[in-house]
Amino acid sequence: MEVRVEEWKKGLNQKLIDSFTVAFQRDQSSRKEGNYPDVIKNDKKNAELLKWMFENYGFPSLQKIGLSNGDLLMPSGPVLLHMADYDEYYQYFKTKILEYVKSGDCPPRDYAAMIDRNNSHHKLPYTYGVYQGYENIKDSATINRNRKSIGLPSLKHAQWITKDFFKKIKKKN
């Protein structure tokens, strides 16, 4: 098994790993500092870097970059979530990332959170119901259809999965 893992690691795209590491660190560091002008500047740099990555290498999926770079855990979700904040980039990312969801490269939940966050900014109803809980959902039937269309479980099924997960954790402790 260890040999397979090492072979897989050798097949990762180092340039894409390095590029995404820069984007992820930039995304997180400016938010920790609480410097809003830097957050905006860094998000816009990241938007351009993500566009470049998509055009040259595709989506920085787990299969291409893994989940970490050394000790740095770097999921794509937070960086994508912040792309919802900028109308000048949002339409591109909405369209392009949906392609990656359909191909299996991007986790549906990451895409759905980005869409719901943008809806929240514009005072629109949630599309997928994954951003900031279930209390803002007006039409669960539509939400469930939308969720199914990108491979997410229904709202009720997602709640069952969560409850089951926490039951298992409680039993272990």
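Which residues in H2 meet which residues in H3? In this predicted model, the H2 side of the contact consists of Lys15, Leu16, Ser19, Phe20, Val22, Ala23, Arg26, Asp27, Ser30, Arg31 and Glu33, and the H3 side consists of Asp38, Val39, Asn42, Asp43, Lys45, Asn46, Leu49, Leu50, Trp52, Met53 and Tyr57. By class, the residues of this contact comprise 10 nonpolar, 4 polar and 8 charged. Helix H2 spans residues 14–33 and helix H3 spans residues 36–57; their axes come within 9 Å and cross at roughly 165 degrees. Because angles over 145 degrees count as roughly antiparallel, H2 and H3 are assigned to that class. The crossing of the two helices is left-handed.

Asn46, which lies in helix H3, is one of the residues in the contact with H2. The relative accessible area of Asn46 is 0%, so Asn46 is buried. Residues up to four places away in sequence aside, Asn46 touches Ala23, Arg26, Asp27 and Met83.

Helix H3 also meets helix H6. The axes of H3 and H6 come within 11 Å and cross at roughly 35 degrees, and this crossing, too, is left-handed. In H3 the contact involves Lys44, Ala47, Glu48, Leu50, Lys51, Phe54 and Glu55, which meet Glu88, Tyr89, Tyr92, Phe93, Lys96, Ile97 and Tyr100 in H6. The residues of this contact divide into 8 nonpolar and 6 charged, with no polar residues.

Lys44 lies in helix H3 and takes part in the contact with H6. Its relative accessibility is 32%, and Lys44 therefore counts as partly exposed. With neighbours within four places in sequence left aside, Lys44 is in contact with Tyr86, Glu88 and Tyr89. The C-alpha atoms of Lys44 and His82 are 9.7 Å apart, with a sequence separation of 38 residues.

The largest nonpolar core has 42 residues. Two or more residues of this core come from each of H2, H3, helix H5 (77–83), helix H6 (87–103), helix H7 (108–121) and helix H8 (140–150). Phe20, Leu50, Phe93, Ile97, Tyr111 and Met114 have the most contacts inside the core. Among these, Phe20 and Leu50 also belong to the contact of H2 with H3, while Leu50, Phe93 and Ile97 also belong to the contact of H3 with H6. Tyr111 is in contact with Lys94, Ile97, Leu98, Val101, Cys106, Tyr128 and Ile150, again leaving aside neighbours within four places in sequence. In soluble globular proteins, nonpolar side chains tend to be buried together.

Terms used: Residues numbered from 1 in each chain as written. Predicted model: local features only at pLDDT ≥ 70, side-chain atom pairs only at ≥ 80, totals over all residues. Heavy atoms only, no water. Axes fitted to C-alpha atoms, helices over the stretch in contact; angles between N-to-C directions. Helix = DSSP H or I, 4+ residues; strand = E, 2+ residues; numbered from the N terminus. Parallel < 35°, antiparallel > 145°, perpendicular 65-115°, else oblique. Left-handed = near helix turned anticlockwise from the far one by under 90°. Contact = heavy atoms within 4.5 Å. Nonpolar A, V, L, I, M, F, W, Y, C, P; charged D, E, K, R; others polar. Core = buried A, V, L, I, M, F, W, Y, C linked by side-chain atoms within 4.5 Å. Buried < 20%, exposed > 50% of the residue type's maximum accessible area, 1.4 Å probe, protein only.
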